Amino acid sequence: MGRQYVIAGNWKMYKTAEESREFVRALAKEFSDAPGLTVIVFPPFTSLQAVSGLDPRVHIGAQNLFFEEQGAFTGEISALMLRGLAEYALVGHSERRQVFHESDGDVNRKLLAALAAGLKPVLCVGETLPEREAGQTLDKVKGQLDRGLAGVTGGDWERVIVAYEPIWAIGTGRNATPQQAEEVHRHIRGTLGEKAPGRAIPILYGGSVKPENSLELLAQENISGVLVGGASLKVDQFSAIIRSGLKLLGA
Ligand code: PEP
């Protein structure tokens, strides 16, 4: 199989439903479909209805979910509720882990709940700056993968995506060099190969991805796409990153 790229945008707590709809309409005019390209946006929950089904080339994901199906969990949204509105779901984004104190155990329950509901979870992993400086990056990421992916079996692996997002590179303007990213991606590829032999699980890089650095990052052997925060909020920037993927696909 040739190369495949996932270009994903995490909008965090930005954009109303109307702004989200306008964005997807405008984005869809800026790129043409190509074999091997998957474009996903992750709007806030309140925008999912507005963008769901708007354009078949722009896939939709949720930024989070709760692992119970229903119950007395004020303010939470279950995987069951997302069905039909979202195809993908982020789990374990570093902001969820750091600001909302989600543990690897929580992240694992969310990932399994997403899979059980037929969603495609994107498991986010990554080290802090002190962990990188202490030489702990590969161990940290391996631990997050071991705990986050515990209990995934059989055909469910087909729907798993991993995103490597070094925390020191998120929203800081300081991206990992393509070589730094590739080193960790190669390690993740090896770990996933042991867990799910023969499955081509996409591994996305995230952390200050911009039009200017996207081509070189995407050109790395084990980088199968990018998860973009800040630059995914602007149609011109996000579509330029999509075009980097298209260029490498030869489209
Ligand atoms: C993110 O939110 O996942 C992210 C990588 O953000 P940014 O691109 O702004 O660093």
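In which loop does K15 lie? K15 sits in the loop between β1 and α1 (17-28). The model is predicted, so local features need pLDDT of at least 70, side-chain atom pairs count only at pLDDT 80 or more, and totals for chains, interfaces and linings use all residues. Residues are numbered from 1 along each chain as its sequence is written, and side-chain values use heavy atoms, with hydrogens and water left out.

**Overall form**

- The protein chain has 10 helices and eight strands; helices (H or I, at least four residues) and strands (E, at least two) are DSSP runs numbered from the N terminus.
- The C-alpha trace spans about 50 × 45 × 35 Å along its principal axes.

**Backbone angles**

- Most residues other than glycine have a negative phi.
- K15 has a positive phi, near 85°.
- H101, also not a glycine, has a positive phi of about 55°. H101 lies in the loop between α4 and α5 (104-116).

**The ligand**

- The ligand is surrounded by 14 residues, and the closest are K12, E165, G171, S208 and G229. A residue is near a molecule if one of its heavy atoms lies within 4 Å of it.
- Polar contacts are pairs of N or O atoms within 3.5 Å; within protein, one must be able to donate a hydrogen and the other to accept it, and residues adjacent in sequence count only if both atoms are side-chain atoms.
- K12 places a polar side-chain atom 2.8 Å from an oxygen atom of the ligand.
- S208 has a polar backbone atom 2.8 Å from an oxygen atom of the ligand, and a backbone N or O atom of G229 is 2.8 Å from an oxygen atom of the ligand.
- On its own the ligand has 290 Å² of accessible area, of which the protein covers 97%. Accessible areas come from the Shrake-Rupley method with a 1.4 Å probe; for residues, only the protein chains shown count as cover.
- The shell around the ligand has four nonpolar, eight polar and two charged residues. Ala, Val, Leu, Ile, Met, Phe, Trp, Tyr, Cys and Pro count as nonpolar, Asp, Glu, Lys and Arg as charged, and the others, Gly among them, as polar.

**Cavity and pockets**

- On a 1 Å grid over the protein atoms alone, a cavity is a set of points where a 1.4 Å probe fits but cannot get out, and a pocket is an open set with protein on both sides within 12 Å along at least five of seven lines; lining residues have an atom within 4 Å of a point.
- Grid points are joined across faces, edges and corners, and a volume is the space filled by probe spheres set on the points.
- The whole structure has one cavity of 30 Å³ or more, and the largest cavity holds about 50 Å³ of space.
- Residues lining the largest cavity include H93, R97, C124 and E165.
- The largest pocket holds about 600 Å³. Its lining has 24 residues, with Q4, V6, A200, I201 and P202 nearest its centre.
- The second largest pocket holds about 480 Å³. It is lined by 16 residues, and K12, M13, Q63, R96 and F100 are the closest to its centre.
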